Amino acid sequence: MTFSSLGLSAPLLQALHDKGYEKPTSIQAQVIPSILAGRDVMAAAQTGTGKTAGFTLPLLQRLVKGSCAKPNRVRALVLTPTRELAAQVNESVKQYAKYLSLRSSVVFGGVKINPQMMQLRRGVDVLVATPGRLMDLCNQNAIKFNELEILVLDEADRMLDMGFINDIRKILALLPKNRQNLMFSATFSNDIRKLTKGLLHNPVEIEVSPRNTTATTVKQIIHPVDKKDKPRLLTHLIRENNWDQVLVFSRTKHGANRLVKQLETKKIHAAAIHGDKSQGARTRALAGFKKGEIKILVATDIAARGIDISELPHVINFDLPDVAENYVHRIGRTGRAGASGEAISLVCADEVDVLSDIENLIGKLLPRILIDGFTPSHTLPTTQLGKKGTPSRGKKAKTKAHTKPRRRRAQSDSKNSTRNKQTR
Ligand code: AMP
């Protein structure tokens, strides 16, 4: 299979050649012909599968055929959940479109709105946007959708998780009925299916990895450990294994900040990215991590979504996520594009319920490896597929007491992201 056999034009083939891509990934081979043929597409694909090129290349080829965008008009709109992902997608659009005369732009919150309004004035062929800022721009009449030809919802499941459903519905109501719709999502939850009903017309359904399964190239293990010993164990693992590029997941922003401080006191260079960090700080942290100046990037689930770091060797779950599906998203950061990776979870007794949910979701029990010197005094109860975890031995009350604040925190996280988008 080659890119030219998929029907892509010479300027796009040249751009792919410049990037050094030799052949299409599985998702690209499947979606490109359908999109070129004008079909609606619903694709289950995680970051790391090459989905961005999968929709961008045929989208550009279709846009080349029409006349360029008029002032304040947009011809193709790509909606993404996070600023980082929006910036990355826009970067890809620019690279693939380098031999075409199409205009592209990106808008997201956390930065001034005026320069974005100026850019839209001339009209853009491809606009990449986060929903909140896009709504702000619409409300200020900076943008009109009456000539929109193509809509892409990228990481649609995450947009719903982040509470963007109302913004998305408002945006959809502004779009012309006659358009091509492309939806990409890591998983297809019932909410996603509900959204697709009124949105996609007779879509081609494509799935590159079976629903809710984790990439087979990712080695997954857990280290049972007491909660209080987790920072020490993490430091031990980093030193012992000489890791130099590790993405660490923290359940909360506060926990991420605290962990960075603890690592820095051990002279391990680390940075945190989460919703309370400014856009500048997040971009700097990510750039430092990619360059290797920062060894350890500590991220919350929302902030980490869509980060493109190729072939990340290690992902560490310092805490298990609130929701089992996020485990699949998290470990999708490693073992990408066929490279092997390792996902290690530090799990304490309080986390047995979510551990059990995760194991049931991925359909296997995770191997437990005890590390010398870190054997927990609160034993991690055993888990079984098909059964909830058994927080026995007087731990029940504690686990229960944990559940509520955890949920509350998750909600306030998404509230924060809503607040962020409203106060940009
Ligand atoms: P994505 O899933 O779109 O975030 O892409 C994941 C990574 O794969 C990005 O770093 C892309 O640059 C890279 N990539 C996309 N398509 C190809 C390809 N056909 N061959 C090699 N790398 C690719």
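1. In this predicted model, helix 3 (residues 51-65) packs against helix 4 (residues 83-96) at an angle of about 45°, and their axes lie 10 Å apart. That angle makes helix 3 oblique to helix 4, and the crossing of the two helices is right-handed. On the side of helix 3 the contact is made by Thr52, Ala53, Phe55, Thr56, Leu57 and Leu60, which meet Val89, Ser92, Val93 and Tyr96 in helix 4. Sorted by class, the contact of helix 3 with helix 4 has seven nonpolar and three polar residues, and no charged residues.

2. Gly66 is found in the loop between helix 3 and strand 2 (74-79). With a relative accessibility of 38%, Gly66 counts as partly exposed.

3. Helix 2 (residues 26-36) has a set of buried residues, namely Ile27, Gln28, Val31, Ile32, Ser34, Ile35 and Leu36. Among the elements that cover these buried residues of helix 2 are strand 1 (41-44), helix 3, strand 6 (180-185) and strand 7 (204-207), and helix 3 is also the helix that packs with helix 4 in the first point. Helix 2 is followed by Gly38, for which phi is positive, near 85°.

4. Strand 3 (residues 104-107) pairs with strand 4 (residues 124-129) in the parallel sense, over four bridges. Within this pairing, Val107 has Ala129 of strand 4 as its bridge partner. The side chains of a regular strand alternate between the two faces of the sheet. In strand 3, Ser104 and Val106 point one way while Ser105 and Val107 point the other way, and all of them are buried.

5. Helix 6 (residues 131-139) is mostly covered, with seven of its nine residues buried. The buried residues of helix 6 are Pro131, Gly132, Arg133, Leu134, Met135, Leu137 and Cys138, so that a reader who checks side chains by eye will find Arg133 listed among them. After helix 6 comes Asn141, whose phi is positive, near 60°.

6. An open sheet is formed by six strands, arranged in the order 8-13-12-9-11-10 with parallel pairing. Strand 8 (218-224) and strand 10 (270-273) each have a single partner strand and stand at the edges, so one side of each is left without a neighbour in the sheet. On average, and with direction ignored, neighbouring strands of this sheet are turned by 20° against each other. Inside the sheet, strand 9 (residues 246-249) and strand 11 (residues 296-299) run parallel and are joined by four bridges, and Phe249 stands opposite Ala299 of strand 11.

7. The contact involves Pro231, Leu234, Thr235 and Ile238 of helix 10 together with Leu259, Gln262 and Leu263 of helix 11. By class, this contact of helix 10 with helix 11 has five nonpolar and two polar residues, and no charged residues.

8. Lys266 lies in the loop between helix 11 and strand 10. Is Lys266 buried, partly exposed or exposed? Its relative accessibility is 41%, and Lys266 therefore counts as partly exposed. When neighbours within four places in sequence are left aside, Lys266 is in contact with Thr235 and Arg239, and Thr235 also takes part in the contact of helix 10 with helix 11. Lys266 and Arg232 are 34 residues apart in sequence, while their C-alpha atoms are 9.6 Å apart in space.

Technical notes: Residues are numbered from 1 along each chain as its sequence is written. This is a predicted model: local features need pLDDT of at least 70, side-chain atom pairs count only at pLDDT 80 or more; totals for chains, interfaces and linings use all residues. Side-chain values use heavy atoms; hydrogens and water are left out. Two strands pair if DSSP finds at least two bridges between them. Axes are lines fitted to C-alpha atoms, for helices over the stretch in contact, and angles run from 0 to 180 degrees between N-to-C directions. Contact means heavy atoms within 4.5 Å. Ala, Val, Leu, Ile, Met, Phe, Trp, Tyr, Cys and Pro count as nonpolar, Asp, Glu, Lys and Arg as charged, and the others, Gly among them, as polar. Buried means under 20% relative accessible area, exposed over 50%, partly exposed in between (1.4 Å probe, protein chains only). Angles under 35 degrees count as roughly parallel, over 145 as roughly antiparallel, 65 to 115 as roughly perpendicular and the rest as oblique. A crossing is left-handed if the near helix is turned anticlockwise from the far one by less than a right angle, and right-handed if clockwise.
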